[in-house]
Amino acid sequence: MSGRYEIRFSGAGGQGLILAGVIMAEAASIFDGKQAVQSQSYGPEARGGASKSEVVISDGPIDYPKATVVDALLALTQESCDKYSHDLKEGGVLLIDSDLVKRQPAGNFQVVSFPIINTAKNEVGREIVANIVALGAMVALTGAVSKESAEKAVLSRVPEAFLELNKKAFNMGYEKALAAKK
Amino acid sequence: MAKKVAFLQGNEAAAQGALYAGCTFFAGYPITPSTEVAEVMSAELPKIGGKFIQMEDEIGAMAALIGASLTGVKALTSTSGPGLSLKQENIGYACIAEVPCVIYNVMRGGPSTGMPTGPSQSDVMCAKWGTHGDHPAILLVPASVQETYEETVRAFNLAEKYRTPVMVMPDEIVAHMRERIVFPEKGELEVVDRTAPSVPPEQYKPYDTSFGDVPPLAAFGSGYKFHVTGLNKMQDGFPTTKAEIVQAEEERQVRKVEANKADIMKWEEYLVDDADIVVVAYGSTSRSARFAVNEARKNGIKAGLFRLQTFWPFPEDRLLQISKKVKAFITPEMNLGMCHGVVKGCIEGNAPVLGIFRVDGEPINPGQIVDKMKEVK
């Protein structure tokens, strides 16, 4: 399994986690020149339910497109944390929303926790960019893609009217994660 | 100049592949997990003077496809299991009337509405036997985003070349995952157009076998008039029940594909030559299998992968050859043994075939395949 770096974004349907995964993978594949595959699993609900988006990044070809041993996991809800943390590797990054995930899974993980959704809502100004806050945090914590590439990938995916908002969200997440890590 | 690249979903790649192949008509009815194909086609076709129609249902969409194709255009529909079931009546019509068209079907859990967002590989038999009667079947089963693009182009080529419906069926994982794709430039991939008649309208017969097993097809509206029916027909397209004509025509329609298997079939052999255990897999499951084969090789197990790129026609002869020198085959698939049965049927009992079957909406992971390899004595 060497050479693969696996990231899982999880939460509830409608939180934009698939997009967060797409942007992470695009940063790796288009802007960093690595190989990446993004996949997802979600229920029939348009909103709610547990949802996950997985990104596998590698220097070489990627066969199995889904996660095998997860290096970094984001959980924005308790349900998704309970459901999707079982294959997080020992010492892996666990990024959680401190307001919403109160029970942490047992295990030796590098836990980083801050109020992700609240940050989006009250500090960036729109709850809808919580996924980009989380993405910024994941980029800071994993180093799986460069900050420059991730920022480019964010900006290439969002409508022009929301560039500044998303840039702010991304950087806020990036900084908060580094601060919370200490 | 550097080639154009993008980070695309399988479904988006299929739509782009269709456009590359010259598709100018889409009719369909949206259904998860195939809807992105319709989304892209609805945005792109109007820009190139093509037509996108959201029909009242899947049966109507299939009918629209046949009508459009008969006017000389390349036509596509996309759907998923429940829609594929509905289309079957008109798929049979396209088979017997010999109308080229491409049916892109994303495999999700079934039967019926089953599991709309869950992956599956359980429509491969429906591609061959979904519509009743003897008829040719071509089914392509891509395993990556790039391959979904390229095989969609090839699906149009085969449809036009053999005057028959062609199906492309990624599983939900391939259809929805995103990977980097390098767009081929114009001329880089072969694009086949159907053969137009070489005779004037008054001499034209739509099923004139003096031109071979695949008679030229005139476009409605180009001055050629002919009859199209779902009944067994004569060379001029009108119905017949004359025994010798029906027999010969039925045999010819199936022979179009059977006699040209070598041109249609495609597969990939990975470390098969010295393998004791050969995994026969397709779609996303073949990616788990390749991962498993690499892991097994590291542990001294001589494993190989036979990856089907076409499911129909099935490469029976090659698997029979391989079966003479292997200890076992493993068939992992997201159904309860569809490929498994076909492999068993063609290897004359030369080796055991061990199945790994999942229908719970979860992918078959590499570990499951490695575990199965360890069972081989």
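Between which two strands of chain B is the loop that holds Pro111(B)? The legends below describe a predicted model, and the second view gives the answer.

**View 1. Chain B as a whole.** Chain B contains 13 helices and 16 strands. Its C-alpha atoms fill a box of roughly 70 × 50 × 45 Å along the principal axes. The radius of gyration is 21 Å, which agrees with the value near 21 Å for a compact globule of 377 residues. Of these 377 residues, 53% count as buried. Among contacts between residues at least 6 apart in sequence, 77% join residues at least 24 apart.

View 2. Pro111(B) sits in the loop between strand S6 (108-109) and strand S7 (115-119). Most peptide bonds are trans.

**View 3. Positive phi at Leu271(B).** Most residues other than glycine have a negative phi. Leu271(B) is not a glycine, yet its phi is near 55°. The residue Leu271(B) is in the loop between strand S11 (267-270) and strand S12 (277-281). Leu271(B) is partly exposed, because 16 other C-beta atoms lie within 10 Å.

**View 4. Positive phi at Glu348(B).** Glu348(B) has a phi of about 50° and is not a glycine. The loop in which Glu348(B) lies is between helix H12 (338-346) and strand S16 (353-357). Glu348(B) has 10 C-beta neighbours inside 10 Å, so Glu348(B) counts as exposed.

Note on methods. Residues are numbered from 1 along each chain as its sequence is written. Chains are lettered from A and ligands numbered from 1 in the order in which they are written. This is a predicted model: local features need pLDDT of at least 70, side-chain atom pairs count only at pLDDT 80 or more; totals for chains, interfaces and linings use all residues. Helices (H or I, at least four residues) and strands (E, at least two) are DSSP runs, numbered from the N terminus. The radius of gyration is taken over C-alpha atoms; the globule rule is 2.2 Å times the number of residues to the power 0.38. A residue is buried if 20 or more other C-beta atoms lie within 10 Å of its own, exposed if 12 or fewer, and partly exposed in between; C-beta atoms are placed from the backbone. Two residues are in contact if their C-beta atoms, placed from the backbone, lie within 7 Å.
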